[in-house]
Amino acid sequence: MIEPAIPEHLRQERTVPAKMPKNFTPQFSSYMARYPESTTDLVMAVFGAQFTNRRDDGKTSEALSKLTSFVSSELVDTSNQPRFHETASVVDASGYYNETLVAYWSSTAAYDRWTRDSGFTQWWEGLDPEKETHGWFIEVFLPSIDRIETIISNNKIAEGAVHLRESFSGPVLEHIYWGSMRDRLPASQTDPLTGSEVNWRAVECKSDKPRRVRVPGIRNLAVIRSGQDWADAHPEERELYHSEMHPTLTKGMNFLRDNGYEVGCFNCRLMDIMDPVTGKTDRDRTFGLAYFDELASLERWSKEHPTHLNIFNGFYKYVQKLHGVISLRLYHEVLVLKPEQQFFEYIGCHAATGVLTAVNGHPGLKEKA
């Protein structure tokens with residue numbers, strides 16, 4: 001049975017109209033994570049190490065091993081350890097190789113206790129940019145439960161923040177129409193979620209000298225993590241995905257990576273899930289991670305830009321060619337964050353790492369009036 005995307009305990013009388021067309025019925029099923037009603041906030045953290053070149057010794061870096069040691073620390077009570085974490089890698093637009101650990105906590109309080117008890121905060125604050133041989137970065141998001149939404153095509157296998165769920169929803173109504181992403185966010189019932197002027201250019205970080213740069217949050221930053229998993233695809237579907245869908249996806253992600261400032265995107269990484277021990281990438285799983293100045297910018301790119309329309313229309317053709325029987329699993333999570341729900345810090349990283357692209361005033365990035 002189709003059910004509303006927003007669970008009953010988070011529903012409010014709308015003062016901001018929904019985007020759903022009248023008499024709408026979704027063409028296929030998608031599902032959402034249902035978190036315990038007691039959940040007030042979640043944490044998604046991206047910890048990264050940046051190198052000038054990709055490793056070629058078949059191993060992950062000592063830096064990634066160091067990060068992994070914190071999330072598995074025996075000094076931390078199990079209730080405060082991340083509920084889920086995984087590792088991923090990407091070569092960024094500047095040609096630097098980045099290894100990351102992405103982790104999720106069921107509350108800000110649990111995350112704060114983990115940073116203290118694992119020794120992470122003491123270690124991180126003790127890093128000296130002058131002495132490090134590579135860059136480090138942290139990008140942490142702490143959404144209240146009304147500022148995160150997830151959508152997943154399969155209700156059997158969890159991804160990302162879905163690992164923190166209590167259960168899966170049934171098929172949801174607010175899906176596969178323009179504006180459905182916004183309608184699934186509980187905060188959107190009473191808040192237009194508009195952004196504000198980007199004031200990051202006041203942050204001094206243009207020096208070539210290695211340094212530590214902390215970037216303040218902005219109003220209603222929109223973060224999207226969008227994943228693809230074709231591990232269970234049969235040979236015909238796998239061939240179709242590799243020949244048609246994945247190249248189209250890559251073009252869209254590369255546009256956001258290289259020219260995202262045209263549509264309000266600060267940074268985009270199309271990342272390969274990787275084995276934390278061998279360093280080998282999982283060629284069956286990827287995810288895009290992008291930061292937009294506001295939700296409306298993400299919506300406009302999705303609805304209007306040729307690179308995303310090609311992805312959207314290509315998926316429909318993909319489904320049609322497989323007669324509606326697909327094994328490809330898709331998911332995304334979208335966070336729209338208050339300034340205090342964001343934390344960015346970069347140590348010895350190049351000037352186009354993460355949101356530093358915006359801080360350094362890309363000539364095409366438009367400031368809001």
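Predicted model: local features only at pLDDT ≥ 70, side-chain atom pairs only at ≥ 80, totals over all residues.
Residues are numbered from 1 along each chain as its sequence is written, and side-chain values use heavy atoms, without hydrogens and water. Local features need pLDDT of at least 70 and side-chain atom pairs pLDDT 80 or more, while totals for chains, interfaces and linings use all residues.

**Stop 1: what to look for**

The structure holds two cavities of 30 Å³ or more. A cavity is a set of points, on a 1 Å grid over the protein atoms alone, where a 1.4 Å probe fits but cannot get out; lining residues have an atom within 4 Å of a point. Points are joined across faces, edges and corners, and a volume is the space filled by probe spheres set on them.

**Stop 2: the largest cavity**

Select Glu159, Arg225, Gly227, Gln228, Asp229, Ile273, Arg285, Thr286, Phe287 and Tyr331, which line the largest cavity. The space inside is about 40 Å³. Now colour strand 9 (221–229) and strand 11 (281–292), the elements that each give two or more residues to this lining. Strands are DSSP runs (E, at least two residues), numbered from the N terminus. Strand 9 gives the most, four residues.

Next, colour by class: three lining residues are nonpolar, three polar and four charged. Here Ala, Val, Leu, Ile, Met, Phe, Trp, Tyr, Cys and Pro count as nonpolar, Asp, Glu, Lys and Arg as charged, and the others, including Gly, as polar.

**Stop 3: the second largest cavity**

Select Ile152, Ile157, Glu159, Asp229, Arg329, Leu330 and Tyr331. They line a space of about 30 Å³. Which strand gives the largest share of this lining? Strand 12 (residues 329–337) does, with three residues. By class, the lining has four nonpolar, no polar and three charged residues.

Methods: 1 Å grid on protein atoms, 1.4 Å probe; cavity = no way out; pocket = protein on both sides within 12 Å on 5 of 7 lines; lining within 4 Å.
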